[in-house]
Amino acid sequence: MYTFSSKLKTFSFVLMIVGVLGIGYGFLTAPKTIQDVETILASDSHGHSNAHDTAATHDAHGSKASHDAKADAEHNEHLEHVLHQLQNKPWAALYVACLFFMLIALGALAFYAIQQVAQAGWSPVLFRVMQGVTAYLLPGSIIFFVLLLLSGFHINHLFIWMDEEVRATDELIQGKSGYLNFPFWIIRAAIFIFGWNLYRHLSRKNCLAQDESNDNSYYKKNFKMSAAFLVFFIVSESIMSWDWIMSVDPHWFSTLFGWYVFASFFVSGITTISMVTLYLKSKGYLENVNSSHIHDLSKFMFGISVFWTYLWFSQFMLIWYSNIPEEVTYFKTRIEHFNLPFFGAVVMNFIFPFLVLINTDFKRITWIIVMAGIVILLGHYVDFFNMIMPSTVGDQWFIGIPEISSILFFLGLFIFVVFNALTKAPLTPKRNPFIEESKHFHY
C-alpha cells in the first residue's frame, strides 16, 4: 500500500494556501470603476494624452462641442469595455486553471477506458495510477460546475452571449439562442459531468471487486461499461469543447475544435500518468513497472503531441488559406495580441517533445521524461490560455499573480486528491486477467 508522505501532503497544502491568497489578491486589485481603469491606462501610457482629446483641441470652435461629446461617449464606451476585461482577468485565470486540471483527470480517464476496451496486456500494472489521477475528476468538476453557475448568474462576463444587452443587438448570437441559452447549457454540463464521474466511480468499484472475485465477471462488466463510456465520452467531449471553450467567442467556430481540445487534454492526462508513475517508482513503489512500461507511456506522449500539432496546423492553415473575415479574426487576434504564447505553445507542445522524445532510448530515461513532461504540461496550459483569454480579457492579458496563483491552488488540490486516492487500495491489481502479462512486459 502507498503511504502519503507528510512532506508531500504539506507541500500540497502550502500550494493551496499560497494559491488562495494570490487568487484573493487578484480579485481585490481588479478595477471597480471606470475611474480605476483610467488610472491604469494612464499609467500604462505614461501620461500621454488621448487621441480624442488631442483632436478636439485642434477643432474649430463651431464643431468642438459636438466633437467632444462624441469623443467622450466613445471614450466612456471604451473604458467600460476595458473595465469588463480587467474584471474578467482573475475570473478567466481561475477558469483556465480549473478547466485544465479537471480535463487532465478526464484525459487520464479516457486513456484508462481505452486500455480496458483494447484489453491491453501491457498496462494493468498502471491501472491504480490511472485511477488515482482520475480521482481528481470529482472535486475538480464540482468546482468547475460552480464556476459555470456563477457565469450564468452574471457574476462575471466570461461568456458574452449570456449578456442580455449583447444578445439584444447581436443577430448571430440570437440565431444561436436555441442552443446557447443558460438552462440548456447548464443542463448539458450537469449531464456530462455526472456521466464522467459515474463511469469513474463504477469502473473503479468493479476493478477493486475483481481483486476479490473468483471469476472475471467484474472485468467483463468493466469492458462493456468502458465501451459504452467511450461512445458517451467522444460525443460529450466535443459538445463540452463548444460549450465551455469555443462559446467564449460565439462568433467563431471550427469543425476541428472538439478533436483539437481532446488532443490537448489527452496528452496532458497521459503525461500526468507518466509523471506520477515515475514519482512512485522513485519512492520504491510499483516494483512491477519497468522501463518498457515507461517507454510505452513516453511513446503515447510523443505520438499524441504530433497528433495535436497536426490538428493545430490543419485548423490554422485552412482558416488562413480561406481568408474568411469572421474566421480569420480568431487567429488575427491571437497573432497580434498573444504572439508569444500563441507560437510559444507550438514550441512547447511540438518542437520540444518531438526533439527530445523522438530518440527511443530517451523514452526510458527518467530525467528526460520528467523534463519533457513538465514542458508538455506547461505548454498545454498555455494552449488553453490561448483558447480562452483573447475573448475574455482581450489585449489586457498578462501571466501574473492571478494566473500563477490559480495554477498553484489547483496543482496543490490535484496533488492532495491524487496521492490520497492512491493510499486507498494496493497499487497492483490482483486478479486482472492480463496482470501476469503486464508484470512480465519487456521488449
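Aspartate 163 counts as partly exposed, because its relative accessibility is 23% (buried means under 20% relative accessible area, exposed over 50%, and partly exposed in between, with a 1.4 Å probe and protein chains only). You'll find aspartate 163 in the loop between H6 and H7. Its C-alpha atom is separated by 9.4 Å from that of glycine 152, 11 residues apart along the chain. Helices here (H or I, at least four residues) are DSSP runs numbered from the N terminus.

A word on the ground rules: this is a predicted model, where local features need pLDDT of at least 70 and side-chain atom pairs count only at pLDDT 80 or more, while totals for chains, interfaces and linings use all residues. Residues are numbered from 1 along each chain as its sequence is written, and side-chain values use heavy atoms, with hydrogens and water left out.

Most residues other than glycine have a negative phi. Histidine 154 is partly exposed, with a relative accessible area of 46%. Glutamine 119 is another non-glycine residue with a positive phi, near 50°. Look for glutamine 119 in the loop between helix H4 (61-118) and H5; at a relative accessible area of 38%, glutamine 119 is partly exposed.

Which residues does serine 274 touch, not counting residues up to four places away in sequence? They are Leu297, Met301 and Ile369, where contact means heavy atoms within 4.5 Å. Serine 274 is in helix H11 (residues 257-282) and is buried, with a relative accessible area of 0%. Serine 268 lies in helix H11 too, and counts as buried at 0% relative accessibility. Leaving aside neighbours within four places in sequence, serine 268 is in contact with Phe100, Ile104, Leu377 and His380.

On to the helix packing. Two packed helices are described by the angle between their axes and the distance between the axes. The axes are lines fitted to C-alpha atoms over the stretch in contact, and angles run from 0 to 180 degrees between N-to-C directions. H5 passes H11 in a right-handed crossing (left-handed if the near helix is turned anticlockwise from the far one by less than a right angle, right-handed if clockwise). H5 brings Val129, Met130 and Val133 to this contact, and H11 brings Thr272, Ile273, Val276, Thr277 and Leu280. These residues divide into six nonpolar, two polar and no charged (Ala, Val, Leu, Ile, Met, Phe, Trp, Tyr, Cys and Pro count as nonpolar, Asp, Glu, Lys and Arg as charged, and the others, Gly among them, as polar).

H5 also packs with H9. Helix H5 (residues 127-134) and helix H9 (residues 182-212) meet at an angle of about 150°, with their axes 11 Å apart. H5 and H9 are therefore roughly antiparallel (angles under 35 degrees count as roughly parallel, over 145 as roughly antiparallel, 65 to 115 as roughly perpendicular and the rest as oblique). H5 passes H9 in a left-handed crossing. The residues in contact are Arg128, Gln131 and Thr134 of H5 and Arg200, Arg204, Cys207, Leu208 and Asp211 of H9. By class, the contact of H5 with H9 has two nonpolar, two polar and four charged residues.

Finally, the aromatics. A search of the whole structure finds 56 aromatic pairs (rings of Phe, Tyr and Trp, its six-membered ring, pair if their centres lie within 6.5 Å; planes under 30 degrees apart count as stacked, over 60 as edge-to-face and the rest as tilted). Phenylalanine 27 and tryptophan 91 have ring centres 4.8 Å apart and planes at 75°, so the pair is edge-to-face. This pair links distant parts of the chain, with phenylalanine 27 in helix H1 (residues 6-29) and tryptophan 91 in helix H4, 64 residues apart. Phenylalanine 27 counts as partly exposed at 26% relative accessibility, whereas tryptophan 91 is buried, with a relative accessible area of 14%.

Definitions and conventions. Helices (H or I, at least four residues) and strands (E, at least two) are DSSP runs, numbered from the N terminus.
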